[in-house]
Amino acid sequence: MSAPKPIQIILARQLASSLAMAILIVDTDGRLIFYNEPAEVILDQRFEETGEMETESWTRRFAIEDEERKPIPAEASPMMMALSERRPFSRTVWMRCGHREWWHMNITAFPLIGEAGQFLGAQMIFWEV
């Protein structure tokens, strides 16, 4: 049984479920803890609603390249940068999930901060350019 989620994570999930843009939420270790329906289409796979997906598992699903089509390592992606630097990052990239086509995407990721400045994880919003 997992510990109860902080209210900020609950509210972030609630907001994400009502938005048309794809959104991922990860915990402080980079484990995927939530994604909304538009993100599900891009990820092309669901995980158990109560489960979490390890960082290595979900980040391997993506290939991202910069505007010049040079590969971006997973640790330099906006989501991982928001986690490690604890500040917002935004970037336009080419992204592919699995063997699907490449999409030209804007990605914005930002840290989620709780009461007393507690770091809770990060949220990523992405949409096609």
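Visitor: Let me start with one residue. Is N36 buried or exposed?

Guide: N36 counts as buried, at 2% relative accessibility. Buried means under 20% relative accessible area, exposed over 50%, partly exposed in between (1.4 Å probe, protein chains only). N36 has its place in the loop between β2 and α2.

Visitor: What should I know about the model first?

Guide: This is a predicted model, where local features need pLDDT of at least 70 and side-chain atom pairs count only at pLDDT 80 or more, while totals for chains, interfaces and linings use all residues. Residues are numbered from 1 along each chain as its sequence is written, and side-chain values use heavy atoms, with hydrogens and water left out.

Visitor: Which other loop residues are buried?

Guide: G30 is found in the loop between β1 and β2, and counts as buried at 1% relative accessibility. Its C-alpha atom is separated by 7.3 Å from that of L83, although G30 and L83 are 53 residues apart along the chain. L83 is among the buried residues of α4. S77 is in the loop between β3 and α4. It counts as buried at 12% relative accessibility. Beyond residues up to four places away in sequence, S77 touches I64 and I72.

Visitor: How many helices and strands does the chain have?

Guide: There are 4 helices and 6 strands. These are DSSP runs (helices: H or I, at least four residues; strands: E, at least two), numbered from the N terminus. In order from the N terminus, the elements run α-β-β-α-α-β-α-β-β-β.

Visitor: How do I read a helix with a buried side?

Guide: Start with the helix repeat. An α-helix has 3.6 residues a turn, so residues three or four places apart point the same way. Now look at α1, residues 7-17, where the buried residues are I9, A12 and A16. They lie on the same side of α1 because they cover an arc of only 60 degrees around the axis; the arc is taken from the directions from the helix axis to the C-beta atoms. The face turned away from the buried side carries L11 and Q14, both exposed.

Visitor: What do the buried residues of α1 pack against?

Guide: They pack against β1, β2, β5 and β6.

Visitor: And which residues are buried in α4?

Guide: P78, M79, M80, A82 and L83 are buried there. M79 also belongs to the largest nonpolar core, where it is among the residues with the most contacts.

Visitor: How many residues does that core have?

Guide: It has 27 residues. A nonpolar core is a set of buried Ala, Val, Leu, Ile, Met, Phe, Trp, Tyr and Cys residues joined through side-chain atoms within 4.5 Å. L24, I42, W58, F62, M79, M95 and F126 have the most contacts inside this one. The elements giving it two or more residues are β1 (22-26), β2 (32-35), α2 (37-43), β3 (62-65), α4 (78-85), β4 (89-97), β5 (103-113) and β6 (119-128). A second, separate core has 10 residues, including I9, A12, L112 and I125.

Visitor: What does M95 touch?

Guide: Not counting residues up to four places away in sequence, M95 touches I42, F62, A63, I64, E101, W102, W103, M105, I107 and F126.

Visitor: W102 is on that list. Which charged end sits over its ring?

Guide: That of R69, 5.1 Å from the ring centre. The rule: NZ of Lys or CZ of Arg within 6 Å of the ring centre and within 35 degrees of the ring normal. R69 also has its charged end over the ring of W94, 4.3 Å from the centre.

Visitor: Where do I find positive phi values?

Guide: Two residues other than glycine show one. R86 has phi near 55 degrees, and lies in the loop between α4 and β4. R86 is exposed, with a relative accessible area of 51%. A116 also has phi near 55 degrees; its loop is the one between β5 and β6. A116 counts as exposed, at 88% relative accessibility.

Visitor: And the chain as a whole?

Guide: Buried residues make up 42% of the 129 residues. Among contacts between residues at least 6 apart in sequence, 44% join residues at least 24 apart. The chain exposes about 7,400 Å², and carbon and sulfur atoms supply 53% of that (Shrake-Rupley method, 1.4 Å probe; for residues, only the protein chains shown count as cover).

Conventions
Contact means heavy atoms within 4.5 Å.
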